Amino acid sequence: MKLRHVTLHQLRLFQSLGTHLSYTRVAEELFLTQPAVSIQIKRLEESVGMPLVEQMGKRIYLTEAGKELFEACRDVLERLRVLSEDMTGMEQGVKGPISLAAITTAKFFIPHLLGAFLKNYPEVEPRITFTNQARVLERLENNMDDIVIMGTLPENMDVEVQYFLDNPIVVVAHPSHPLVGQKNIPLARIAEERFIAREPGSGTRAARTKLFAEHGLKANTYMELGSSEAIKQAVMAGLGISVLSRHSLRLELETGTLAMLDVEHFPLMRKWYAVHLKGKKLSNTARMFLDFLLNEGSKILETVQPHVSAQPGAGEKVVKKAKRSKATGKSSK
Ligand code: PGA
């Protein structure tokens, strides 16, 4: 095929030559030497297989083939210029798809934050996958999302981590439970209660187990359920007490369908992190959403979920470096 070896550089030179009809002017315009310009034009002629310019005296003219190529150069280079501008626009605009993955418990606040973000940037098209810790780690490892929201950080992945919100963990009971209204209930008293536990791998469960173990205690686990939603229903049904993220309880506490117990050492403070693989190049939209989480996240939640604001320090980058290897969801009993 003719023109196979033509380069963009040569097309730019030729466009300049067709415009100025002077090697000297081309050389000046493109910061090259005159012989370098001549060599490139010669090579272009070799690729085309026809003379493109003819010199008569001191003047140069485009041949018929040269005129055709000059037209084509203008089209091609203009098309590339427009494309380049479009791409810059895409890069700078806050629009288009953003893909998030989040641990299921985050479903109680991420939609509120996303809703506020979309008010500012209505052309953003969000996709969110709420799933368990093992799946979230898998998605993170395979770089399937722009940003991952989680509370338990991976141990064996090289990731960038930003802490953007606190996650207070509280003890929850049926509103008619005899401990409701008591102050500073001892942890040992709670350990006697029938307890509804989250599944292994849950950060809430790990934090609660650790606290109990630190005090030589073990919960009296009656049943184990795989989601905060299922646990809330079980507590409402009077099957036992539990420990849940305060973020998941806004409606129930407001409407009095569940009650929070005042237990020593609670609330347990966990954190919510925005995570992506180290070195990942975030899209402009993803970067803006991340900034939004860090700067506005806790303020916005204050308006929809009072008492869940961040501690000083939220919005800071967490240093987290580890060797990359297959991630495993850690479980706790
Ligand atoms: P969960 O919450 O794993 O208990 O759903 C997230 C965390 O606190 O790690």
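The chain has a mean pLDDT of 88, and 89% of its residues reach 70 or more; pLDDT is the predictor's confidence in each residue, from 0 to 100. This is a predicted model, in which local features need pLDDT of at least 70 and side-chain atom pairs count only at pLDDT 80 or more, while totals for chains, interfaces and linings use all residues. Residues are numbered from 1 along each chain as its sequence is written, and side-chain values use heavy atoms, with hydrogens and water left out.

Over residues 308–312 the pLDDT stays under 50, and the model gives this stretch 16 contacts (heavy atoms within 4.5 Å) beyond four places in sequence. Residues 321–333 also have pLDDT below 50, with 34 contacts beyond near neighbours in sequence. Where pLDDT is low, the predicted coordinates should not be read in detail.

A polar side-chain atom of Thr152 lies 2.8 Å from a ligand oxygen, and a side-chain N or O atom of Asn167 lies 3.5 Å from one. Gly203 contributes a backbone N or O atom, 2.8 Å from a ligand oxygen. Of the 280 Å² of accessible area that the ligand has on its own, the protein covers 99%, by the Shrake-Rupley method with a 1.4 Å probe.

Methods: A polar contact is a pair of N or O atoms within 3.5 Å; within protein, one must be able to donate a hydrogen and the other to accept it, and residues adjacent in sequence count only if both atoms are side-chain atoms.
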